[in-house]
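Please look through the sequence and the model below before reading on.

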Amino acid sequence: MINQEILNNIPQRVKIIDVPISAVNMNSCIDFLFSNWNAVHGNYICVSNVHTTVMAHDNSEYFKVQSASLLSVPDGKPLSVIGRKQCPEMDRVTGPDLMRRIFEESKNKSIRHYFYGTSQEDLNALLCKVKEAYPWVDVVGYEPSVFRPMSKTEENVLVERINKTNPDIVWVALGAPRQEEFCYRMQGKINGLMIGVGGAFNVISGVIDEAPQWMQDISMEWFYRFMKEPKRLFKRYVTTNSRFIWLNLLHR
């Protein structure tokens with residue numbers, strides 16, 4: 001449960017196809033977190049995009065997961081564009097950019113980082129990049145995903161391993177919806193602030209190319225990613241994006 005201490009300070013949310021998305025930008029997100037630093041521990045942040053928003057609209061259990069987060073920040077450009085009609089200050093907070101910003105904040109603040117998820121190979125690439133580009137970042141632990149459902153006992157042992165490192169932030173990269181569902185189950189159990197950032201590990205490390213800024217600015221980042229991984233992303237982008245457009249028209 002979210003600490004009562006910060007309930008009145010949590011940024012408002014706007015409804016996008018009836019799914020509550022936090023009306024934040026990068027600066028307001030960071031200001032909120034560090035103004036309530038001790039209280040945000042034990043909670044989680046969803047990095048929301050069109051795909052996760054449509055899933056939340058269509059699945060009541062996943063809707064609860066998104067709604068129970070401390071923040072569900074607008075990673076996808078369409079979310080910030082639509083949300084800005086209600087809150088002009090709303091802007092994108094992408095997973096990679098949020099990681100970079102908090103890494104930079106770590107230069108002058110004592111922040112302990114734990115990385116959980118993806119494969120050992122990709123995790124190694126991330127750790128090498130962090131050490132090279134952000135040598136001041138205090139990495140207290142890391143562990144790859146097992147790529148299968150874990151038993152309650154396994155999850156409890158994982159919680160113990162993570163909490164022993166006394167992390168401030170636990171970066172979670174399991175992919176949607178696994179990472180958000182994991183954070184939902186771990187709320188109040190893992191002591192650090194959990195942030196589900198999906199493919200951001202591989203973007204930061206350079207394993208996955210990041211779309212040029214001009215493509216991000218005109219909401220075409222999805223097309224860039226699609227051209228890189230057409231087989232994997234075809235169904236998501238063609239089906240989910242079309243459904244998002246249709247649902248958005250219905251909810252106007």
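L71 is found in strand β4; helices (H or I, at least four residues) and strands (E, at least two) are DSSP runs, numbered from the N terminus. This is a predicted model, in which local features need pLDDT of at least 70 and side-chain atom pairs count only at pLDDT 80 or more, while totals for chains, interfaces and linings use all residues. Residues are numbered from 1 along each chain as its sequence is written, and side-chain values use heavy atoms, with hydrogens and water left out.

Is L71 buried or exposed? L71 is buried, at a relative accessible area of 0%; buried means under 20% relative accessible area, exposed over 50%, and partly exposed in between (1.4 Å probe, protein chains only). Not counting residues up to four places away in sequence, L71 touches P11, R13, S22, C29, F32, L33, Y44, I45 and C46, where contact means heavy atoms within 4.5 Å. N43 is 28 residues from L71 along the chain, and their C-alpha atoms are separated by 9.1 Å.

Strand β4 belongs to an open sheet of six strands, with parallel pairing and the order β4-β3-β8-β7-β5-β6. Two strands pair if DSSP finds at least two bridges between them. The edge strands, each pairing on one side only, are β4 (71–74) and β6 (138–143). From one strand to the next, the twist averages 20 degrees. Strands of a sheet pair through backbone hydrogen bonds, in either a parallel or an antiparallel sense.

Four bridges link β4 with strand β3 (residues 44–48) in the parallel sense. S48 lies in β3, and the bridge partner of S48 in β4 is P74. S48 is buried, with a relative accessible area of 0%. Leaving aside neighbours within four places in sequence, S48 is in contact with I21, T53, Q66, S72, V73, P74, D75, G76 and L79. Helix α5 (residues 60–67) lies across β3 and β4 and runs at about 115 degrees to β3. For such angles, axes are lines fitted to C-alpha atoms, for helices over the stretch in contact, and angles run from 0 to 180 degrees between N-to-C directions.

A hairpin is made by β1 and β2, with two residues between the strands, and in this hairpin I17 takes a positive phi near 45 degrees. Strand β2 (residues 19–22) runs antiparallel to β1, and four bridges join the two. V14 stands opposite I21 in β2. In a regular strand the side chains alternate between the two faces of the sheet.

Elsewhere, L249 lies in helix α14 (residues 230–250). L249 counts as partly exposed because its relative accessibility is 44%.

Taken as a whole, the protein chain has 14 helices and eight strands. Of its 252 residues, 50% are buried. Among contacts between residues at least 6 apart in sequence, 74% join residues at least 24 apart. The accessible surface of the chain comes to about 12,200 Å², and 53% of this belongs to carbon and sulfur atoms; accessible areas come from the Shrake-Rupley method with a 1.4 Å probe, and for residues only the protein chains shown count as cover.
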